[in-house]
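Thanks for making time this morning. I would like to walk you through one model, so please bring it up on your screens and keep the sequence beside it.

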Amino acid sequence: MPGAAVTDELELLNAGGGPPADRGGAGGDWREGPGAFGRERRMYLTGVSVALAAILMFFMALASSYIVRKGTGTDWQPIEMPRILWLNTAVLLASSITVEVARRKLAQVGVGEFRNWWAITTALGTLFLGGQFVAWRVLADQGLFLATNPSSSFFYVLTASHGAHLLIGLFALLYVAIRAGRPVWRRRAIAAEGVAIYWHFLDGLWVFLLLLLNIGR
Amino acid sequence: MTTHAGAVHAHEAPKGFIRKYIFSLDHKVIGKQYICLALFSAFVGMFLSVLMRLRLADPTIKLPFFPEGILPEQYLALVTMHGTIMVFMVLTTAPQSGFGNYFLPIQIGAADMAFPVLNMLSFWTTFLSMVVLMAAFFVTGGAPLGGWTAYTPLSALGEITGPGQGLGMTLWVIAIAIFCGASLMGAINFIATTLDLRARGLSLMRMPLTVWSWFITAGISLLAFGVLLAAGILLLLDRTAATSFFIPGNLVLTDKVIPHKGGSPILWQHLFWFFGHPEVYIAILPGMGVTSHVLSTFSRKPVFGYRAMVFALSSIAFLGFIVWGHHMFVSGMSPYVGLAFSVLTMTIGVPSAIKTFNWLGTLWGGEIRFTTPMLFALGFVSLFVSGGLSGLFLAQTSIDQYLHDTYFVVAHFHLIMGVAAIFGMFTATYFWFPKMFGRMMSESLGKLHFWLSFVGVYAIFMPMHFIGLAGHPRRYADGSGAAFLASMDPVHMFMSVAAFITIAAQFIFLFNLVWSIWKGKKADINPWQATTLEWSIPSPPPHDNFAGHEPTVYRGPYEFSVPGVADDFILQTTPPDKVVKC
Amino acid sequence: MVLKKGNSGSTATAAILALLIVILTLWTVYIFVTKPIWSWFPPAINEIGHEIDRQFMRTLVITGVIFVLAQLGLAWVVFRYRSRGQRATYSHGNNVMEVFWTLATLIMFVGLGIYAQRTWAAVRLQPAPPDAMRIEIIGQQFKWSFRLPGPDGKFGKYKFEAHPEQEFTRDPWVVDADDPDGKDDLVLGPGSVFAVVVNQPVELLIRSKDVTHSFFVRELRLKQDAVPGMTIPLQFTATVPGEYQVVCAELCGLGHHLMGTFMKVLSQADYDAWLKDMTAE
């Protein structure tokens, strides 16, 4: 019975959320083992990695459109990147560090420290998005809107697309903090790992987009 | 106790009508929902083609809802929606999301897909996409007229370029964008399921070719649909937010100067075809998988060259991503780039040839049983050869200068997509119906459906090559604009009549399908004496497929006529000590 | 229903299917080698067109052979191995054969593909000869117009080309009055026919005012999309005088099928007379 398998595992866990005694494959921790949660973890991580491939293709399409449009049109007017973008980048990079710390704390030590680092990550992510809005305001004040010129069009499209994905990431962070895995803390660990991978991807993607917008300018 | 991976996240049997039939998380229900959506869309698409062929047979014909006859813009709207509905709502749903959803988990020994909630969402998102698409018929201006390819600037400038290009076109773009999201959700599910939920003993090289085809097709979808989504968003912005991604400057329409500048119409083509070419492999690969599977089953022989078949599927998928420019030889794209795309495109013929030879090799030396699914699988082989070979002409830049945008192209892709892939769906339906519903479809009606369809589709599409060779452009509402087209009217008439008869024959299938669900003869657990895992569980399967235990796989998927064994087949799940020798 | 070995009726089914496939194959071959199809295939009027036809024939022979072998092969195995109660041969394949037909098709297809590029290169990768007669063709919904550069051989700039920074709200496609090159340009307005001289290299400069169209003349075996925002060259030399249909070959709206016009191929004398008529109008 499907439900029975989960209940059995539950009985062997600390409901309070501490790390359990070593289970799973011989010699390895639960993450690598053939047991149910090892398999479940692999399944979710496959899902996340595969989703990242799809998202990457979406952004590669936009990036190549950017390069082509810049090359073919005669009306390219480079725009000046709002300086707050650099601050936003630093914030996002910091949030990648904090999310990684949080994830490791969960795996090794338990829920308490995890919560704090996770909360910091969420705050930094929100700060990043806020900063992006500020960048948009800076451009708007210069009279640069979505349709003003192709360079500004791509700026808005690329940052908005990235921002939309980051917003989804924020919801995912909140989901992990509040819901995921109650009371099975392994579920939360799997979810945290998946969200962390997604978060790192968005961070790397942002650096790429920033380079594209600056160098390609 | 043994834990079954699928069981860890599998859900208990649902109660209540909504949970069981509407928002079901069961991959089998979701698979049937996709098949229903595709079936409905197929009949809508066929109806549109009836209208098209009526006008092509007689441009002045008067019909209900068309008292003045079908106007050219209405004809083009029919062409656009026929193509869009058939490619997206039929060919990209039933073979992959329909049958794949139903049988992938079972064939690998899992209780369900990796992410059942995502699965349910992917269906309802597809459903939403279909509703938005169909809505285009009913808004002011009607459905768009730019073809399913929606080339810019025709598709980007709005109503000023023609009726239906306003709200209808916007709804079209939105529908396609929604469809992209749905497809990506499905792709993620298929890949994670195949990689991580296989039962004990089911290595990758023991997977049925159907599973391989669904897996690889999901990989293609994963990498292609994101690009279409990006293109759709940019097009939507050009249409609604005054951007100029695809619209150059100084355009004049009805004496008005269009206030855009600098965009590239060819950029749309690159983005669209980067998706569009892999898309046609999404449409055909599952059909190839089920053909291999069924040919083996009803020849009572292993698939000839299983590894080569896997290699061929993978090569087709990979090469499919680097040939998109063959749709654009005369588009204004650099002729050097065109040259490269041309030579690359010719290489795709190689894995296709490998598959064809291996199908013949599977049949050779077999004991062939002509059931309805087998007939359609055999038909697939013949049609794939015919449709594939015309591609060799179109792939060559120099020849394509003549044949591009003529009926030769229409004949080519209809034979491959509009017939071979459809035959793949029929094969799948007739083959798996007993498992899905616990009843048999009528063999006599099935065979009648096959004969009429097989002859009918050749009658429709073989002559189409000839008018293409004569230079008849495609997407022409009638031949009044060029004198040389008049001589081809008899061919149009012939094709139209053949089409009406062939389409009528599909109602035999529909009747057989619906009638058999309730009145078909009860089916055994394994009426075809096949070997893969679905034939080891009851018909129809229980909610969690394998009743809570994980099956063990002992051998490859096509062990037929093994020497020294009494039966001429061995189920994958039969332990070696239980195999009866002779 | 359990399938029994040697299903009765399978011989009839096998025979009918095999026969249908054979008939289809023979009929297709017949159609392609006898007259009917070729009466629709208009003769080419340029050397490149003849080369394209020859490449087409090479391809037809190769694909024809494969078509016949594959379809007849299918018909044969279907009939020969129909169920008569025999036990099938247990075989997982033959690697030698796999390698063989992989290499054979690879060499044939890629060889054919590479060979095809010769004609492509001759048309597209070489610039037109400097003495080529240049004609600008402009597509719009739903007619073609033409422009000749006149005796100075140069095209004047349109207003939007002469003043690219300016945003025009009217008539950007009018030749700029201040451009000396444009003074002798001859514009043949929407719906005109155009003419070229026989045996004289021609370079078309293909453009569009609104959406993408495509210029197609069957007898030249050539087509080229007319893309707004671009000027795309297409060169040819017509060798047979006559009047040839021009059609639009890229969906451009409800009048897509009504954009037909004509290309006249005239002797020099006839062309001069035609030009005189056009200029006088």
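This is a predicted model: local features need pLDDT of at least 70, side-chain atom pairs count only at pLDDT 80 or more; totals for chains, interfaces and linings use all residues.

As for names, residues are numbered from 1 along each chain as its sequence is written, while chains are lettered from A and ligands numbered from 1 in the order in which they are written.

Ser161(A) counts as partly exposed, because it has 19 C-beta neighbours inside 10 Å. Once the neighbours within four places in sequence are left aside, Ser161(A) is in contact with Phe59(A) and Leu62(A).

Let me turn to chain B, which has 16 helices and two strands. Its radius of gyration, taken over C-alpha atoms, is 24 Å, and this agrees with a compact globule, because a globule of 582 residues would have a value near 25 Å; the rule behind that figure is 2.2 Å times the number of residues to the power 0.38. Along the principal axes, the C-alpha atoms of chain B fill a box of roughly 80 × 50 × 45 Å. Buried residues account for 67% of the 582 residues in chain B, and of its contacts between residues at least 6 apart in sequence, 80% join residues at least 24 apart.

Some backbone details in chain B deserve a careful look. Thr152(B) and Pro153(B) are joined by a cis peptide bond, with omega about -5 degrees, and Pro153(B) sits in the loop between α6 (116-135) and α7 (167-196). Another cis bond runs from Ser539(B) to Pro540(B), with omega near -10 degrees, and Pro540(B) is in the segment after α16 (489-519). Ser561(B), also in the segment after α16, has a positive phi of about 50 degrees although it is not a glycine, and Ser561(B) is buried, with 22 other C-beta atoms within 10 Å. Ala242(B), which is likewise not a glycine, has phi near 65 degrees; Ala242(B) is placed in the loop between α8 (209-240) and β1 (251-253), and counts as partly exposed, with 15 C-beta neighbours inside 10 Å.

Now to chain C and its strands, where I say that two strands pair if DSSP finds at least two bridges between them. Five strands of chain C form an open sheet with mixed pairing, in the order β3-β2-β1-β5-β8, and its edge strands, each pairing on one side only, are β3 (186-188) and β8 (232-237). Strand β5(C), residues 201-208, pairs with β8(C) in the antiparallel sense over six bridges, and there Ile206(C) stands opposite Ile232(C). Elsewhere in chain C, β4 (194-197) and β10 (261-266) pair in the parallel sense over four bridges, with Lys264(C) as the bridge partner of Ala195(C). Strand β10(C) also pairs with β9(C), in the antiparallel sense over five bridges, and here Gly242(C) has Val265(C) as its bridge partner.

Finally, how many residues does each chain bring to the contact between chains B and C? Chain C brings 94 residues and chain B brings 97. Among the elements that give two or more residues to the chain C side are α1 (10-33), α3 (47-80) and β9 (242-248), while α4(C) gives the most, with 15 residues.

Definitions and conventions: Two residues are in contact if their C-beta atoms, placed from the backbone, lie within 7 Å. A residue is buried if 20 or more other C-beta atoms lie within 10 Å of its own, exposed if 12 or fewer, and partly exposed in between; C-beta atoms are placed from the backbone.
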